[in-house]
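This report is for a reader who is new to the structure below.

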Amino acid sequence: MLEKKLPNHLLQLMLKPLLILFIGFYGSTSFSSEKNIITPTNNTKQLAQGKRVYNRFCSLCHGMNLQGQPNWRTRKPDGKLPAPPHDETGHTWHHPDKMLFDITKYGLVPPNAPANYKTDMPAWEDTLNDEQIWAVLTFIKSRWPEEIRQQQREINETSIKNK
Ligand code: HEC
């Protein structure tokens with residue numbers, strides 16, 4: 001019994017990293033052809049740019065460590081929501097890249113929020129160009145653990161398929 005199980009188990013252990021590598025590679029190559037889709041990257045220049053943009057324009061509300069504001073799930077007395085974390089404890093990673101880009105550029109307006117939605121999240125289109133927005137999102141994504149990046153890649157894929 002043991003003799004039979006052991007090799008199988010070992011094989012699985014060896015295959016898992018290979019599979020993850022393959023999916024990661026497949027994910028990044030297939031998305032790079034999609035103009036609007038970014039992926040976590042090791043492009044250090046883009047990451048450095050994204051970090052600068054983040055610290056200057058986003059950290060005030062979303063936190064220096066992407067931790068968000070305290071009690072971010074509870075509406076404030078003014079009825080608006082505090083800024084959520086951008087790390088893995090928030091729900092930024094529940095959204096496909098294109099939606100994160102649109103929210104950052106245009107703010108929380110339809111189709112990403114109800115019309116006349118009251119929020120403290122600014123629209124950045126007059127402050128940041130598209131390159132800066134992709135950079136800051138890439139920086140945010142680079143801070144997620146690999147497991148979360150993988151899940152968000154799948155969310156991306158589904159959103160592209162359903163277009
Ligand atoms: C003045 C405060 C403030 C600043 C500055 C700010 N945000 Fe936000 N952001 C918010 C708030 C508040 C929300 C949640 C809004 C809501 O749900 O009503 C939010 C939500 C978001 C979301 C949606 C997250 C989700 O899980 O749905 C994204 C993406 C986002 N912000 C990106 C950014 C980026 C990128 C920057 C910097 C360029 C930035 N924000 C700067 C306040 C801010």
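## Helix α4

In this predicted model, the buried residues of α4 are Ile 133, Trp 134, Ala 135, Val 136, Leu 137, Thr 138, Phe 139, Ile 140 and Lys 141. The helix runs over residues 130-142.

α4 is 13 residues long, and from its first C-alpha to its last it reaches 18 Å. That is close to the 18 Å expected at 1.5 Å a residue.

## Overall make-up

The protein has 5 helices and 0 strands. Along the sequence, the pattern reads α-α-α-α-α.

Of the 163 residues in the protein, 19% are buried. Among contacts with a separation of 6 or more, 59% are accounted for by residues 24 or more positions apart.

## Helix α2

α2 covers residues 44-62. Its end C-alpha atoms are only 22 Å apart although the helix has 19 residues, and this is short of the 27 Å that a straight helix would reach at 1.5 Å a residue. Where does α2 bend? The bend is at Asn 55 and amounts to about 50 degrees.

The buried residues of α2 are Gly 50, Val 53, Tyr 54, Cys 58 and His 62. They pack against α4. Just after the helix comes Gly 63, with a positive phi of about 95 degrees.

## The nonpolar core

Which residues make up the largest nonpolar core? There are 12 of them: Val 53, Tyr 54, Cys 58, Leu 66, Leu 100, Ile 133, Trp 134, Ala 135, Val 136, Leu 137, Phe 139 and Ile 140. At least two residues of this core come from α2, and at least two from α4. The largest share belongs to α4, which gives 7 residues. In soluble globular proteins, nonpolar side chains tend to be buried together.

Setting aside its neighbours within four places in sequence, Val 136 is in contact with Gly 50, Val 53, Tyr 54 and Cys 58.

## Around the ligand

How many residues surround the ligand? The number is 23, and the closest are Cys 58, Cys 61, Ala 83, Thr 119 and Met 121. Two elements give two or more residues to this shell: α2 and α3, the latter spanning 97-106. The largest share, 5 residues, comes from α2.

By class, the shell has 15 nonpolar, 6 polar and 2 charged residues. Cys 58 belongs both to the closest residues around the ligand and to the largest nonpolar core.

## The loop between α2 and α3

Gln 67 is placed in the loop between α2 and α3. Is Gln 67 buried, exposed or partly exposed? It has 17 other C-beta atoms within 10 Å, so Gln 67 is partly exposed; 20 or more would be needed for a buried residue, and 12 or fewer for an exposed one. Not counting residues up to four places away in sequence, Gln 67 touches Pro 85 and Asp 87. Its C-alpha atom is separated by 7.5 Å from that of Pro 84, which lies 17 residues apart from Gln 67 along the chain.

Asn 71 lies in the loop between α2 and α3. This residue is not a glycine, yet it has a positive phi of about 50 degrees. Asn 71 counts as exposed because it has 10 C-beta neighbours inside 10 Å.

## The loop between α3 and α4

Pro 111 sits in the loop between α3 and α4. A cis peptide bond joins Pro 110 and Pro 111, with omega about 5 degrees.

The loop between α3 and α4 is also the place of Asn 116. Asn 116 has a positive phi of about 55 degrees, although it is not a glycine. With 7 C-beta neighbours inside 10 Å, Asn 116 therefore counts as exposed.

Technical notes
Residues numbered from 1 in each chain as written. Predicted model: local features only at pLDDT ≥ 70, side-chain atom pairs only at ≥ 80, totals over all residues. Near = placed C-beta within 6 Å. Helix = DSSP H or I, 4+ residues; strand = E, 2+ residues; numbered from the N terminus. Nonpolar A, V, L, I, M, F, W, Y, C, P; charged D, E, K, R; others polar. Contact = placed C-beta atoms within 7 Å. Expected span 1.5 Å × (residues − 1). Bend = angle between axes of the 7 residues up to and from the residue. Core = buried A, V, L, I, M, F, W, Y, C linked by C-beta atoms within 7 Å.
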